[in-house]
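Keep the 3D view open as you read.

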Amino acid sequence: MEKSAASTELQGPRPVLGRDSVQVPDDQDFRSFRSECEAEAGWNLTYSKAGVSVWVQAVEMDRTLHKIKCRMECRDVPAETLYDVLHDIEYRKKWDSNVIETFDIARLTVNADVGYYSWRCPKPLKNRDVITLRSWLPMGTDYIIMNYSVKHPKYPPRKDLVRAVSIQTGYLIQSTGPKSCVITYLAQVDPKGSLPKWVVNKSSQFLAPKAMKKMYKACVKYPEWKQKHQPHYKPWLHPEQSPLPSLALSELSVQHADSLENIDESAVAESREERMGSAGGEGSDDDTSLT
């Protein structure tokens, strides 16, 4: 796929946002996602410091869903290293201090799978989890990884966690040199749980930048770690290495937010804003934890 294929006329992700059936994203979905990552119109800059910028897309006052976009410059991390870090589930368990449990469930195609991720949220919020269909696409020296929530019959919502919903979330990694790149994180997520407005508003300012910086540090350390942990095992680059069982798309269904229990967390006090800010230092870079 050529970079020029990402038309600026495309206004965000297409049918994946409203699909009633599970589908693996195609080239047009990837082009659309890239176009939105690069778009400027309609986005409000809320944070810009030390090579990290955060934008929030303006939405209607009564709308529960929101979009966030976070971009980070990585001056001494090659694009392919960042791509590997985002894929390497064993390494994530080492550097992502917010992870409770994460694993790949099944393989759909050579560049799509289904996985589970649960993470700790700042107290007094309840912890979250998500089941997503993830797909990825190398584009020369650039890469896209994106996902959306699905239902898997063997992994229903748990009583001890709030099931969040990724409408569409992902990363665009763009190479800027042999040892440098820029990563853009784009997410539209319903965290469920009747989150207070201050949590939503503050999260973009505190969680996203801290999480991106944490991921950057993980990228710097990754080559040394990988040399000691199956250095040639990269099923995201070599599909024949994947040990995952195959799964038919017909076994999955789209996870709609309105079908999940909306656990009430509205008792969280506004006075906890500063606590939220400090807790954000432990923010994960996972798709839904940044929302």
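Start with helix α1. Its buried residues are Asp29, Phe30, Ser32, Phe33, Arg34, Ser35, Glu36 and Cys37. Keep in mind that this is a predicted model.

The N-terminal end of α1 is capped by aspartate 26. One of the side-chain oxygens of aspartate 26 sits 3.1 Å from the backbone nitrogen of glutamine 28. Now check the helix length.

Step back to the whole chain. The protein chain has five helices and eleven strands. Its length is 291 residues, and 53% of them count as buried. Take the contacts between residues at least 6 apart in sequence: 68% of them join residues at least 24 apart.

The largest nonpolar core holds 33 residues. Leu82, Leu86, Ile173, Ile183 and Met215 have the most contacts inside this core. Elements giving two or more residues to the core include β2 (52-57), α2 (79-87), β9 (165-177), β10 (180-190) and α4 (197-227). The largest share, seven residues, comes from α4.

Look at isoleucine 183 in particular. Leaving out residues up to four places away in sequence, isoleucine 183 touches, among others, Cys70, Leu82, Leu86, Ile173, Met212 and Met215. A second, separate core has 15 residues, including Val22, Ala112, Val114 and Leu252.

Technical notes:
Residues are numbered from 1 along each chain as its sequence is written. This is a predicted model: local features need pLDDT of at least 70, side-chain atom pairs count only at pLDDT 80 or more; totals for chains, interfaces and linings use all residues. Side-chain values use heavy atoms; hydrogens and water are left out. Helices (H or I, at least four residues) and strands (E, at least two) are DSSP runs, numbered from the N terminus. Buried means under 20% relative accessible area, exposed over 50%, partly exposed in between (1.4 Å probe, protein chains only). Contact means heavy atoms within 4.5 Å. A nonpolar core is a set of buried Ala, Val, Leu, Ile, Met, Phe, Trp, Tyr and Cys residues joined through side-chain atoms within 4.5 Å. A polar contact is a pair of N or O atoms within 3.5 Å; within protein, one must be able to donate a hydrogen and the other to accept it, and residues adjacent in sequence count only if both atoms are side-chain atoms.
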